[in-house]
Amino acid sequence: MALCGTQWNENSGAAGGIGFSLPGRAEFACSSTARGYARTKLMKAAFAGRLAVSLVSLILVVVVGGFVAAALVRFSPGFDIDENVWNPKIGAATLAAMHAQRERGNQLPRFYLHYLRAALRGDLGESDALKTPVTELLRDRAPVTARLIGWGTAGGLLLGALFAWLAVWPRRPGLTVLSVSASGLLLAIPPAVLALAFFFNEAPLGLAVALALMPRVFGTLRALLDNLYSSPALLAARARGVGPGALAMRYVLGPALPQLIALAGVALVLAFGAIIPIEALCDVPGIGQLAWKAALARDMPLLCGLGLIVTFMVAAVQSLGDLVR
Amino acid sequence: MKWLRRVAWGVLLLVGLCALAAPAIAPYPYDRQFRDAPAAPPGGRFPMGTDEVGRDRLSRLIYATRVSAMLAPAAAAVSIVLALLIAGAAGGRDGLAGHALSGFTTICLSLPWIFLFIILRAQLPLNTGPLASVLLTFGLMGVAGWAWPARVFGASIRQMRQSGWLMQARAAGVAGWRIAAVQAWPHLRTLAVAQFRVLVPAYILSEASLGLLGLGVADPLPSWGNLLQDLQHPDVVKENPWVLAPLGLLMIVMICLEALQPSREAAL
């Protein structure tokens, strides 16, 4: 700042002068550099703050989610049943000792700590129904679900953007009514029914996820595009004769990118909600089908392990979206 | 688009009346079995035919409308009340308690809704009677769906706490419950109505998905969800297209509810 002051005096020629004088070019340069530096510093601080909040919330998700999962597993039906009770080779005293030891281990705080420690090591327990480690089941099925969600989310966002663009850009009431009606119609169909129609007609299920997702992102994309297309900067560029491609890249995609990334995070959560019935009904061996089978078999260790992982992943994606925004 | 809203209200009113008058207008009880006419085609005796165990499809559709279209608003009301209570408790407090409640809301929002539902549903007995399954399905929907409206109410309550009129009321020594009931509620009512209108179609669709998965209302009580299970058999759909009637009715109701959403009205 001191350097700036000296430069101002030297270049503006107002040193020692009294009264008002116009600032020189160097002052502008210097003050704008200083302002830019301060702004960068502030932005870095804000980013660091948001990063810290995101990390804390992720840790909280693990701690609280782990507690809820452990409590659900601990109090699930049949958890306290010990098969050794029916073993005639074990004496009454041994049984009583085993029971006491089991009781101690099953006290919720101790059980929770044990569950959380194991979860942090990547061990989410063993499925009651399938007698297989939950992590192994997840590893086998995650790629199928990831592919379906990836295609579905990308397709849903693209379709949503296309319909939103049709509703906003050409400024034709017919196209607006068409896109709003298409979105309303798709919103009225349960995703599972949509998937069944695709399944029986041997059409790609990713498209069914995309069509289920499209109306759910359409409203946000339409509002976003509406704001951008009526912005003074874009109107001025349009008046200058800038082409539609350049307008879309410079004045729409660029400014909307952070919101689009945040929306992609939300779309991922929505897609995950949609794939459970889709995978279950269309016999797709993914995480959604696993969750459904676990629910039907009341397999709480598997269901809670899945819940913990899904919550963590969704929270991480949402945090990433917030950070980018 | 006033005419569209009028048509939507008219259709919803008609569906609501049919649902309420189900015992009077349904030709047969929903669980009456005609052993002489399983999977009968539509005709004079059964206008929409019968299902594979000989129950009249039309009667089951009318009763299903009663279950799905009447209980979804009830579940939405439960969610709204819970959300108001939780947001009121979080927004009305400073410090750790407020942050903890707000954080808990965020965590609940992180889990896809249907996932949360099936975890809770699996915790409870699956082989229940029809009435218990209805109460469990819609009760759990109501309980599991509080997080989103709570976030909306929480933001509004935090904004309200900074307002001059509320500070003036507190400075004047007005009791907390009186501020909530007389001063804050009129502001929150509009939001509550808007959230209710968003939740009702969401719950109708959720019940349909859960019914298709076999985690919703249990047979013999019909709901739109468990009537849609016929769609899993394409040969049945080809032979008797009337099995698509529940889907058609569900879509009509959903489109009418959509048409009444303020955002949709503005969009058109």
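Helix 9 of chain B has 38 residues, yet its end C-alpha atoms are only 46 Å apart, short of the 56 Å that a straight helix would reach at 1.5 Å a residue. (The expected span of a helix is 1.5 Å times one less than its number of residues; helices, H or I with at least four residues, and strands, E with at least two, are DSSP runs numbered from the N terminus.) This is a predicted model, in which local features need pLDDT of at least 70 and side-chain atom pairs count only at pLDDT 80 or more, while totals for chains, interfaces and linings use all residues. Residues are numbered from 1 along each chain as its sequence is written, and chains are lettered from A and ligands numbered from 1 in the order in which they are written.

**The bend in helix 9 of chain B**

- Where is the kink in helix 9 of chain B? A kink of about 60 degrees lies at Trp185(B), shortly before the proline Pro186(B).
- The bend at a residue is the angle between axes fitted to the seven residues ending there and the seven starting there.
- After helix 9 of chain B comes Gly214(B), with a positive phi near 80 degrees.

**The two chains**

- Chain B contains 13 helices and 0 strands, and its C-alpha trace spans about 75 × 45 × 30 Å along its principal axes.
- Chain A comes to 12 helices and 0 strands.
- Of the 268 residues of chain B, 41% count as buried, and of the 325 residues of chain A, 33% do.
- A residue is buried if 20 or more other C-beta atoms lie within 10 Å of its own, exposed if 12 or fewer, and partly exposed in between, with C-beta atoms placed from the backbone.
- In chain B, 67% of the contacts between residues at least 6 apart in sequence join residues at least 24 apart.
- In chain A, residues 24 or more positions apart account for 70% of the contacts with a separation of 6 or more.
- Two residues are in contact if their C-beta atoms, placed from the backbone, lie within 7 Å.

**Where the chains meet**

- Chain B has 35 residues in contact with 42 residues of chain A.
- On the side of chain B that touches chain A, the elements giving two or more residues are helix 4 (95-110), helix 5 (113-123), helix 9 (176-213), helix 12 (245-259) and helix 13 (262-267) of chain B.
- Which helix gives the largest share of that side? Helix 5 of chain B does, with 8 residues.
- By class, the side of chain B that touches chain A has 25 nonpolar, 7 polar and 3 charged residues.
- Here Ala, Val, Leu, Ile, Met, Phe, Trp, Tyr, Cys and Pro count as nonpolar, Asp, Glu, Lys and Arg as charged, and the others, Gly among them, as polar.
- Helix 5 of chain B is largely enclosed by the rest of the structure, because 8 of its 11 residues are buried.
- Among those buried residues of helix 5 are Phe115(B), Ile118(B) and Arg121(B).

**The nonpolar core**

- The largest nonpolar core has 135 residues, and those with the most contacts inside it are Val209(A), Leu213(A), Ala271(A), Ile278(A), Ala291(A) and Leu303(A).
- Helix 3 (residues 57-91) of chain B supplies the largest share of this core, 17 residues.
- Domain 1 (26-121) and domain 2 (131-324) of chain A both give residues to this core, so it lies between them.
- A nonpolar core is a set of buried Ala, Val, Leu, Ile, Met, Phe, Trp, Tyr and Cys residues joined through C-beta atoms within 7 Å, and domain bounds come from an automatic or database domain assignment.
- Not counting residues up to four places away in sequence, Ala291(A) touches Ile276(A), Leu303(A), Leu306(A), Phe115(B) and Ile118(B).

**Residues to look up**

- Ser127(A) sits in the loop between helix 4 (108-120) and helix 5 (134-168) of chain A.
- Is Ser127(A) buried or exposed? Ser127(A) is buried, with 23 other C-beta atoms within 10 Å.
- Leaving out residues up to four places away in sequence, Ser127(A) touches residues including Thr132(A), Asp299(A) and Pro301(A).
- Glu202(A) is not a glycine, but has a positive phi of about 55 degrees.
- Glu202(A) lies in the loop between helix 7 (191-200) and helix 8 (205-229) of chain A, and counts as exposed with 6 C-beta neighbours inside 10 Å.
- Ala39(B), also not a glycine, has a positive phi of about 50 degrees, and counts as partly exposed with 13 C-beta neighbours inside 10 Å.
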